[in-house]
Amino acid sequence: MQPDLRGLTRADIAAALVGLGEKPGNAGAVFMAVHRRGAADLALLPNVPARVCLALGRAFTLAPLPIPERKLVAPDGTRKLLFRFPGEATAECVVLPAKDHQTACLSSQSGCACGCTFCATGALGLKRSLTPAEIIAQYEACLREAVDLRSLVFMGMGEPFLNWENVRKAIMILSDSRGRHFPQVKMTVSTVGVIPVIEELTTSDLRVRLAVSVVAADPELRARLAPMENTYPLNRVLAAVRRYCAARQAHVMLEYILLPGVNDRPSDSALLARLIEGIPCRLNLIPYNPPGGPGRATPRIKEFQQELIAAGVLAYLRQEKGASIAAACGQLAASADRGEQPVVPFTFYQGL
Ligand code: SF4
């Protein structure tokens, strides 16, 4: 099958044109026709010479932009969109409302291979990684749902750094000035700790922001909650984060999902504070929501925050949105409706 032109960066298009015996200077017009003007036919790209359209048509397709199969809207205004991509690869994206703008949360994979035990996506396993065009389709759908979309987070289904080549291309395409021109500094990519990509970002030209999911400060507990610990231990992840911050003069966002009775003890906050000491960061505490709906209260969350603040950590409570439609952190399972969420009982991680 011919590749989809929609998934090519402008540089990719320029290289393809050279390969087709055409001038690379047409790449900007081609890119703009596809990503800004919404061209749907390779034979009729606005402002692109017919000869170039013909040449591209021999090597590429321009698949219609996928549209979501289903939309759920929560009382708090959160919107969750379900896509069914080829090969029964389902994925969800979420539009999160704030006071005067919205944030789009995009998926990078259908399912996830990481197997974090608190996460509905992890319970699915990995179906497949999404293509750049499929990631862009989620953005376009979120854009249609939003009034003022100001930030993008790659915190939906999947581990973005295990599909980095496609996520990187999607970032390049979405931020290109001939396309949507979405600022890279308004994009955040979240990882559970894939060190080689953190290291790549350290020296890369990309301006995206980095978020790292800490999960637990104790290595044994973290390994049980987030098996990635066995490949990339948190102490090495945080060493890479320190190098990233120093080289880029950047802050990082650390995320800590609070699992009542598991990782919210005073000893956990003390260990966490010691572990991240000196890292220029903001730490977001995320209340746990079980798959399928809102969780019970996490009684220790405020105390946990205060313990961290007392230890010098900039700790914030994340205002969770969309739990009633299973759109909050860790709940995305790409089910056709809420009733089909995988059954993972709230207590599944207890007694570890
Ligand atoms: S928390 Fe993130 S990395 Fe872990 S299983 Fe869920 S989607 Fe994958």
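Where is glutamine 249 placed? Its place is the loop between helix H9 (234-248) and strand S10 (252-258). Helices (H or I, at least four residues) and strands (E, at least two) are DSSP runs, numbered from the N terminus.

This is a predicted model: local features need pLDDT of at least 70, side-chain atom pairs count only at pLDDT 80 or more, and totals for chains, interfaces and linings use all residues. Residues are numbered from 1 along each chain as its sequence is written, and side-chain values use heavy atoms, with hydrogens and water left out.

**Two residues with positive phi**

Most residues other than glycine have a negative phi. Here are two non-glycine residues with a positive one. Buried means under 20% relative accessible area, exposed over 50%, and partly exposed in between (1.4 Å probe, protein chains only).

**Helix H9**

Glutamine 249 follows H9. The expected span of a helix is 1.5 Å times one less than its number of residues. For the 15 residues of H9 that should be 21 Å, and its end C-alpha atoms are 21 Å apart, which agrees.

Which residues of H9 are buried? They are Leu234, Val237, Leu238, Ala240, Val241, Tyr244, Cys245 and Arg248. Seen down the axis, these buried residues fall within an arc of 155°, so they line one face of H9. The arc is that of the directions from the helix axis to the C-beta atoms. The face turned away from the buried side carries exposed Asn235, Ala246 and Ala247. Helix H7 (195-203), S9, H8, S10 and helix H10 (266-276) are among the elements that cover the buried residues of H9. Contact here means heavy atoms within 4.5 Å.

**Helix H1**

In helix H1 (residues 10-19), Ile13, Ala14, Ala16 and Leu17 are buried. They cover an arc of only 165° around the axis, which puts them on the same side of H1. Ala11, Ala15 and Gly19 are exposed on the other side. The buried residues of H1 pack against helix H2 (27-35) and helix H3 (50-59). Just after H1, glycine 21 has a positive phi of about 80°.

**Around the ligand**

Cys112, Cys114, Gly115, Cys116, Phe118, Cys119, Gly122 and Gly158 surround the ligand. A residue is near a molecule or strand if one of its heavy atoms lies within 4 Å of it. The shell divides into five nonpolar, three polar and no charged residues. Ala, Val, Leu, Ile, Met, Phe, Trp, Tyr, Cys and Pro count as nonpolar, Asp, Glu, Lys and Arg as charged, and the others, Gly among them, as polar.
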